[in-house]
Amino acid sequence: MPNAQSGFFEWVWYFVQTYGPMFLRGAGTTLLIALTGTLAGFLIGLGVGVVRTIPCRREDGLVRYALLRVVRAVLSIYIEVFRSTPMIVQAMVIYYGCAQMFGLNLPQLLAGFLIVSINTGAYLSEIMRGGIQSVDPGQREAAAAIGMTHGQTMLHVVLPQAIRNTLPALGNEFIVNIKDTSVLNVISVSELFFVSKSAAGTFFKYFEVFFITSVIYFVMTFACTRLLRLLEKKMDGPENYTIHGSQTVPEGELKLKGGAAQ
């Protein structure tokens, strides 16, 4: 173990050797929560976005109209509450609130997953709603003209395009969640920040430990950013398209055909 006169890099190397597996487990937990929370939040946001774009007209029936208005109001409250409060406060309220109000002692990992999912869903719901509305209204009209219902139009026409349009925002939300999972240390989730704080507190070497932590966060976010950009390029397809089946007619043959036609 380094002594009091040891330098910065000696302590860094010591923490890498001694706490390396713990850092890797914390990084794995961070990625797991960020990935599953983003996927679940995407499903929540997709559902909320679809519901908020359903036409709400009195002529469709008073009961349907009233029900949609109530559901929309509830969803609007959900979005505003979770977008207007920090995730660290949401973590405290949900984790300790479930224990105190309902007697539910959630495992820390499950609680972290729920918190990230609900928070992400509130943000992605507005993103998905914007993606749905960005699709050309003429396509909805064309689908209705051939007899497709609203549900069929959303499933087969609108949503595939909306998801593609919002893919960069979804990737960005995943990157943000990798970093924002650090707030879950307040409910003792053993993610990267939590294990780093525990290692730093052992020798009071916060600079050295969190230097390692920052490098790990950078590697995770940078690698995920590169992979997401490759995915976007893959979905975009090739830059140049070749039209198959076309035939170039030589100039001389073209003149011959023109003369024959005359």
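Me: How are E126 and R129 spaced in helix α4?
Reply: E126 and R129 are three residues apart in helix α4, so about one helical turn separates them. Please keep in mind that this is a predicted model.

Me: What do E126 and R129 form with each other?
Reply: E126 and R129 form a salt bridge, in which the closest N and O atoms are 2.9 Å apart.

Me: How many salt bridges does the count come to?
Reply: The count comes to three salt bridges. Besides the pair with R129, the side chain of E126 meets that of R52 in a salt bridge at 2.3 Å, N to O. E126 lies in helix α4 (residues 108-134) and R52 in helix α1, so this pair ties together parts that are 74 residues apart in sequence. R52 is partly exposed, with 23% relative accessible area.

Me: And R83, what does it form a salt bridge with?
Reply: R83 forms a salt bridge with E126, and here the closest N and O atoms are 4.0 Å apart. That pair also links distant parts of the chain, since R83 sits in helix α2 (residues 62-83) and E126 in helix α4, 43 residues apart. R83 is partly exposed, its relative accessible area being 38%. Taken together, R52, R83, E126 and R129 are linked in a network of salt bridges.

Me: Zooming out, how many helices and strands does the chain have?
Reply: The chain has ten helices and zero strands, and 35% of its 262 residues are buried. Of the contacts with a separation of 6 or more, 75% are between residues 24 or more positions apart.

Me: How much accessible surface does the chain have?
Reply: The accessible surface of the chain comes to about 15800 Å², and carbon and sulfur atoms account for 65% of that.

Me: Which residues form a nonpolar patch on the surface?
Reply: The patch is formed by F207, F211, V215, F218, V219 and F222, which together have about 610 Å² of accessible area. One of these residues, F211, lies in helix α9 (residues 206-236) and is partly exposed, at 36% relative accessibility.

Me: What does L228 touch, leaving out residues up to four places away in sequence?
Reply: L228 touches G171, F174 and I175. With a relative accessible area of 21%, L228 is partly exposed, so it falls just outside the buried class, which is set at under 20%.

Me: Switching to rings, how many aromatic pairs does the count come to?
Reply: The count comes to 15 aromatic pairs. For W11 and Y14, the ring centres are 5.9 Å apart and the planes are at 90 degrees, so that pair is edge-to-face. W11 and Y14 are three residues apart in helix α1 (residues 8-52), so they are separated by about one helical turn, and both W11 and Y14 are buried.

Me: Which residues form one aromatic cluster with W11?
Reply: The cluster of W11 also takes in Y14, F15, Y19 and F203.

Me: What about the backbone, what is phi of F204?
Reply: Phi of F204 is near 55 degrees, which is a positive value in a residue other than glycine. For background, most residues other than glycine have a negative phi. F204 is in the loop between α8 and α9 and is exposed, with 64% relative accessibility. S188 is not a glycine either and has a positive phi of about 65 degrees. S188 is placed in the loop between α7 (167-180) and α8 (192-203) and is partly exposed, at 37% relative accessible area.

Me: Last topic, how many disulfides does a search of the whole structure find?
Reply: The search finds zero disulfides. Among the cysteines, C98 is buried at 17% relative accessibility, and C224 is buried at 13% relative accessible area.

Me: One more: is T153 buried or exposed?
Reply: T153 is buried, because its relative accessibility is 6%. T153 is found in helix α6 (residues 150-165) and, leaving aside neighbours within four places in sequence, is in contact with R140, A143, M148 and V158.

Conventions:
Residues numbered from 1 in each chain as written. Predicted model: local features only at pLDDT ≥ 70, side-chain atom pairs only at ≥ 80, totals over all residues. Heavy atoms only, no water. Disulfide = S-S within 2.5 Å. Buried < 20%, exposed > 50% of the residue type's maximum accessible area, 1.4 Å probe, protein only. Helix = DSSP H or I, 4+ residues; strand = E, 2+ residues; numbered from the N terminus. Contact = heavy atoms within 4.5 Å. Patch = residues over 30% accessible without salt bridge, like charges linked within 9 Å, V, L, I, M, F, W, Y side chains within 5 Å. Areas by Shrake-Rupley, 256 points an atom, 1.4 Å probe, with all protein chains shown as cover. Phe/Tyr/Trp six-rings, centres within 6.5 Å; stacked < 30°, edge-to-face > 60°.
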